[in-house]
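The entries follow the order in which I looked things up.

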Amino acid sequence: MAMEFIGFTYVTNFLGKTLRDAMFEVIDSANRLFEDWGLSIRFLYLDSLTLEPGYLISVKTKEGSVKLYPLEVVIDFLDYRLKVEMEKEDSLAMNKILGLVSFPLASRNRYFDIYESFLGFQTERVGRRIMVLSMRPFESDVLRMTLRTLESPSVEDEVKSLATKILRRELETFKARLLKGILHEVGHAFGLEHCSNACVMNPPATIEEWDLRPVGFCRPCMGKLKENLRTSRFVPR
Ligand SMILES: [Zn+2]
Ligand SMILES: [Zn+2]
């Protein structure tokens, strides 16, 4: 069965090294799972994306004012990136792109509630699918605090060693949440709807609920996903 690729990129703005490394591990895990499950889908890394500060907007949230890039700007850049890739002579079977960002998803027009929209955003543009997923809602407060502590130059050794221990645990949680988020978006990209089983396609009301979801598709979702891959195969030019 021919492989279908999803371009993968991330926005470098506001993303530290620790979370970036964790993000790449998650993309690798997703590819391994696709292989284990016999799914002919793979992520293909397409470089990172750095946005100019001029695009920044300020959005008021419950946690105060947050600076971020509007969703429309991110989508335009991702679409352009995918188009360039698809126009190459030796282009692979790829008409989808996933962009991960470390800031909350918000639009110029309306504000998405951070904790309600954490399962990403997708849109279709003349045969190209653009997916954006924010990693921000998957970061616990403890994770953010620990990262800040470790970045501080004046941190004592004892505090540092404790923080490192906490970080390791919190990173595992972060990675599991992100992996499920990515699988959820991939499911949508290949035609899956939400379901109410023990499944990544079952959207959670809270992050605690998300932690209880298994890393995978339920049997009906997996069946539909495989069927969709077989019948609606994307054929490159
Ligand atoms: Zn969804
Ligand atoms: Zn399901």
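Cys195 is buried at 16%, and Cys221 is buried at 7%.

Conventions, for the record. The model is predicted, so local features need pLDDT of at least 70 and side-chain atom pairs count only at pLDDT 80 or more, while totals for chains, interfaces and linings use all residues. Residues are numbered from 1 along each chain as its sequence is written, chains are lettered from A and ligands numbered from 1 in the order in which they are written, and side-chain values use heavy atoms, with hydrogens and water left out.

Zinc, ligand 2. I looked up its donors (N, O and S atoms within 2.8 Å of the metal, or 3.2 Å for Na, K and Ca; water is not among the atoms, so sites may look incomplete). The protein donors are the SG atoms of Cys195, Cys199, Cys218 and Cys221, 2.3 Å from the ion. In sequence they are spaced C-x3-C-x18-C-x2-C. Cys195 sits in the loop between helix 4 (157-189) and helix 5 (207-212) and Cys221 in helix 6 (residues 219-231), so this pair ties together parts 26 residues apart in sequence. Helices here are DSSP runs of H or I with at least four residues, and strands are E runs of at least two, numbered from the N terminus. The donor angles run from 103 to 116°, which makes the arrangement tetrahedral (four donors, all angles between 85 and 135 degrees). The ideal tetrahedral angle is 109.5 degrees.

His188 is partly exposed at 21%, and His194 is partly exposed at 45%.

Packing. I took a nonpolar core as buried Ala, Val, Leu, Ile, Met, Phe, Trp, Tyr and Cys residues joined through side-chain atoms within 4.5 Å. The largest has 47 residues, and those with the most contacts inside it include Phe43, Leu98, Phe174 and Leu178. Helix 4 gives the most to this core, nine residues. Leaving aside neighbours within four places in sequence, Leu178 is in contact (heavy atoms within 4.5 Å) with Met23, Val26, Leu100, Leu133, Met135 and Phe138. Another core, of 23 residues, lies apart from the largest one and has Leu68 and Met94 among its members.

How values were computed. Four donors count as tetrahedral if all angles lie between 85 and 135 degrees; four count as square planar and six as octahedral if opposite donors are over 155 degrees apart and all others between 65 and 115; anything else is irregular. Buried means under 20% relative accessible area, exposed over 50%, partly exposed in between (1.4 Å probe, protein chains only).
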